[in-house]
Amino acid sequence: MKLIDIGLNLMHRSYDMDREQIIERAKIAGVNSMIITGTSLKSSKEAAAYAKQNLGTLYSTAGIHPHDTSHCNSDTIKMLKILAQNKEVVAIGECGLDFNRNFSPKDVQEKWFDLQIQLACELNMPLFLHERDAHKRFLEILSNYDGKIKNAVVHCFTGTANELENYLAKGYYIGITGWICDERRGMHLREVVKKIPLDRLMIETDGPFLTPRDLRPKPDGNRNEPAFLVHILKTIASCMGKTINEVAEATTKNTNEFFDINI
C-alpha cells in the first residue's frame, strides 16, 4: 500500500527537533511521499529548499495563504513565479479565501487570490486551495478562470453536501483530513464523504494541525504527523463503504496524476 499526504506543514516550528524522524515514521507507516504546504513567501521558500533535498519523497507548493495576504507586495507574485520553476514545486497555493477570522481584509484576500490563480494559469500548474466561510465569493472568483485552470484541489474540505457538489461540478478534487475523525465537528463529513467519487478524492493530515481526535494512544502534545494518515484513510474507507486498499490505490493514483509526480 502506497499513500501520499497532499498537505503537510512540515516546516512548522513544532517539527524543528525531529523533522527527519517524522519522515522516517511516515515511510514505516506506508506514507511514501508528502507534499509540504507553502503558506507565505518565506515558508514556500523553506518548503522548496527542504523538498529539494529529499526529492521523490518530498514535494512542495508555493503560495500565500489568505491569512498572510496583508504581507504581500509588488514583488510577491514575481518571487512565487521564480520559485515555481523548481521541479520540487508542484502546485500554486495554499491560496484562497478565509472569511472566518479575516486576519487579512476581505478585499486584500480577494486580490491576491485572483493573482495567484492567474499565475497558476500562466504556468499551467494546479491550484492547492483554501476556503472557509467564503464559498460563494470563492466560486465567483474561480469561475472567472473556467477552462483556464489546469486543475484544483480544495484542501481540507469540511463543507456541506451542496458545496461539495459545486466543487465536483467544476471538476475539482477534494482533500479530506482528520477532521472526519472528530466526533464533535466532523460527523456531517462522514455522510458527505460518501458523495465524493473515488477519482476525485485525495487525503492529507494538515499536520501538525487537525490531529484525529479518536487516535489512540494520543500523541505527545497532540501533534499531528503524516504517519497518522493511515488512521484517516481507515476512517474514510469505512465511511465510504470501501476497502482500505481501494481508497489507498485511488487517492495515490489521483495524487500522482494531479501533481504530475510518480510515487
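In this predicted model, the axes of helix 5 (residues 135-143) and helix 6 (residues 161-169) cross at roughly 5° and come within 12 Å of each other. Angles under 35 degrees count as roughly parallel, and helix 5 and helix 6 are therefore roughly parallel to each other. On the helix 5 side, the contact is made by His135, Phe138 and Leu139, and on the helix 6 side by Glu163, Asn166 and Tyr167. By class, the residues of this contact of helix 5 with helix 6 are three nonpolar, two polar and one charged.

The largest pocket holds about 800 Å³ of space. It is lined by 25 residues, and the closest to its centre are His65, His67, His130, Asp206 and Phe209. Strand 5 (residues 127-132) gives the most to this lining, contributing three residues. The lining of the largest pocket divides by class into 11 polar, eight charged and six nonpolar residues.

The second largest pocket has a volume of about 210 Å³. Its lining consists of 16 residues, with Val89, Val90, Met125, Phe259 and Asp260 nearest the centre. Strand 4 (89-98) and helix 9 (244-259) are the elements that give two or more residues to the lining of this second largest pocket. Of the lining residues there, 10 are nonpolar, three are polar and three are charged. For the reader setting the two linings side by side, the counts of nonpolar residues are six in the largest pocket and 10 in the second largest pocket.

Terms used:
Residues are numbered from 1 along each chain as its sequence is written. This is a predicted model: local features need pLDDT of at least 70, side-chain atom pairs count only at pLDDT 80 or more; totals for chains, interfaces and linings use all residues. Side-chain values use heavy atoms; hydrogens and water are left out. On a 1 Å grid over the protein atoms alone, a cavity is a set of points where a 1.4 Å probe fits but cannot get out, and a pocket is an open set with protein on both sides within 12 Å along at least five of seven lines; lining residues have an atom within 4 Å of a point. Grid points are joined across faces, edges and corners, and a volume is the space filled by probe spheres set on the points. Helices (H or I, at least four residues) and strands (E, at least two) are DSSP runs, numbered from the N terminus. Ala, Val, Leu, Ile, Met, Phe, Trp, Tyr, Cys and Pro count as nonpolar, Asp, Glu, Lys and Arg as charged, and the others, Gly among them, as polar. Axes are lines fitted to C-alpha atoms, for helices over the stretch in contact, and angles run from 0 to 180 degrees between N-to-C directions. Angles under 35 degrees count as roughly parallel, over 145 as roughly antiparallel, 65 to 115 as roughly perpendicular and the rest as oblique. Contact means heavy atoms within 4.5 Å.
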